[in-house]
Amino acid sequence: MSGTPGIDAARLGRRLETFARIGATARGGVDRQALTDGDAEARALLAQLGAARGFRVEQDGAANLFLRRRGRDDALPPLLLGSHLDTQPTGGRFDGALGVLGALEVLESLEDAGLPTPRAVELVAWTNEEGSRFLPGAMGSQAFAAGALDPAWLAARDGAGTSLADALARTLQALPHVPRRPLGTPIAAYLELHIEQGPVLEREDVPVGVVTGIQGTRWLDVTLTGAAAHAGTTPLAYRRDPMAAAAAALSSLLGTVMARDEAARLTVGRIRAEPGSVNAIPERVAFTLDLRHPVLAELDAIERAARTAIEAAARDARCQAEMRTVFDMAPVAFPPAMADLVEAAAGEAGLAARRMISGAFHDALFLARRAPAAMIFVPCREGISHNEAEFVEPRFVEAGARALMAATLRWLAAPIERL
Ligand code: GLV
Ligand code: MN
Ligand code: MN
């Protein structure tokens with residue numbers, strides 16, 4: 001191949017704007033949760049944009065959506081580029097969308113330049129990366145990596161009682177003319193562009209993060225059960241108050257885990273008291289725990305500490321504790337050769353880069369089980385993400401797409417196919 005096609009930053013900017021309108025919130029963010037009508041609309045638009053450029057559009061049984069630009073030898077497994085189009089309930093415009101639309105920009109720029117590639121380059125929009133509507137997160141990429149959807153997931157229900165099975169069927173049916181492909185078709189390698197979702201790159205004014213790995217994540221569902229009783233008449237000695245247990249356990253965990261180890265993360269993002277009456281001691285308190293650490297043994301230790309603190313607090317309040325691990329991703333290190341490739345590609349594109357690990361999980365974590373994978377980060381304002389205020393400066397959007405294009409061309413010129 002000769003000549004490096006540029007990317008069209010203005011087109012990519014417009015595309016980001018257009019997709020941000022699908023599920024736009026009043027405060028400038030996006031609510032396009034997985035497998036909702038908004039998600040289906042975004043998928044339909046992506047399919048339409050791909051078809052208009054002559055890319056082959058396909059979906060698999062997990063509703064992962066693929067656009068394929070043919071290569072000279074189309075029998076070779078493709079280089080896959082992508083990310084996700086679903087968002088948090090109060091999400092931003094760039095988390096996921098940048099990686100999908102950046103990949104589209106690469107495919108279109110190759111097409112504009114009339115540049116044949118030795119093999120196909122495919123774009124993928126993974127289903128349900130966020131995991132906030134249906135567990136687990138990174139559902140589409142996990143199913144792809146495993147070659148099948150876990151049947152246990154299909155019964156998952158969202159807050160309104162809709163099952164994953166129904167939402168998935170509706171989403172697939174919304175693109176009736178898009179053919180199905182089997183889950184987990186062979187790929188040669190995977191590249192994902194994403195916003196950093198943390199403050200490091202912006203603070204250092206470095207446009208490209210070369211992601212060397214992703215820290216581990218574990219989600220627990222915790223339920224504390226006591227006894228409902230009158231708020232006004234029940235003295236302390238008679239109370240079996242699960243809120244007292246939750247408060248004690250959480251104040252101890254939130255006050256110690258991260259203070260002891262600055263790499264540790266512990267978050268309670270959802271909490272519910274039942275029956276939820278102002279003047280009744282709740283019978284049950286349920287909450288989620290999101291635990292993260294780059295080192296698996298440390299993540300295990302945080303989970304043990306959490307379980308011990310919760311059990312002790314439950315005992316003290318004469319309540320029962322039930323804890324279930326509902327999501328578990330071990331940390332991953334990307335192949336060093338892939339990180340080297342991204343770093344060299346950024347250099348070639350004249351972009352300063354620094355190596356870093358990802359604090360957020362990503363679909364690439366699961367793809368790394370199937371093929372050499374790498375990620376490119378770009379800075380986002382104040383590191384804010386999972387928030388409607390999420391923002392990426394146009395110069396960094398452009399830098400990300402240029403780095404992705406350069407990495408794509410570099411990989412195609414000298415494929416790294418072995419894990
Ligand atoms: C991904 O959305 C994460 O929570 O890390
Ligand atoms: Mn994301
Ligand atoms: Mn996210």
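Here are some friendly notes on the metal site and the salt bridges of this predicted model.

1. A word on conventions. Residues are numbered from 1 along each chain as its sequence is written, while chains are lettered from A and ligands numbered from 1 in the order in which they are written. Local features need pLDDT of at least 70, side-chain atom pairs count only at pLDDT 80 or more, and totals for chains, interfaces and linings use all residues, with side-chain values taken from heavy atoms and hydrogens and water left out.

2. Let's start with the manganese ion (ligand 3). Its protein donors are Asp-95 (OD), Glu-130 (OE), Glu-130 (OE) and His-386 (NE2), at 2.1 to 2.4 Å. Donors here are N, O and S atoms within 2.8 Å of the metal (3.2 Å for Na, K and Ca); water is not among the atoms, so sites may look incomplete. Along the chain, the donors of this ion follow the spacing D-x34-E-x255-H.

3. The manganese ion (ligand 2) lies 3.6 Å from the manganese ion (ligand 3), and Asp-95 coordinates both. Asp-95 sits in the loop between β3 (79-84) and α3 (97-112), and Glu-130 in the loop between β4 (121-126) and α4 (139-146), so the pair ties together parts that are 35 residues apart in sequence. Helices (H or I, at least four residues) and strands (E, at least two) are DSSP runs, numbered from the N terminus.

4. Buried means under 20% relative accessible area, exposed over 50%, and partly exposed in between (1.4 Å probe, protein chains only).

5. On to the charged pairs: the structure holds 33 salt bridges, each a side-chain nitrogen of Lys or Arg within 4 Å of a carboxyl oxygen of Asp or Glu. One of them joins Asp-112 to Arg-11, with the closest N and O atoms 2.9 Å apart. This pair links distant parts of the chain, Asp-112 in helix α3 and Arg-11 in helix α1 (residues 9-20), 101 residues apart.

6. Asp-112 also meets Arg-53 in a salt bridge (2.6 Å, N to O). Arg-53 is in the loop between α2 (37-52) and β1 (56-59), so its pairing with Asp-112 ties together parts that are 59 residues apart in sequence. Asp-112 is partly exposed at 46% relative accessibility, Arg-53 is partly exposed at 24%, and Arg-11 is buried at 9%.

7. Do look at Arg-218 and Glu-303 too: their salt bridge has its closest N and O atoms 2.6 Å apart. Arg-218 belongs to strand β7 (residues 216-225) and Glu-303 to helix α8 (residues 296-316), 85 residues apart. Both residues are buried.
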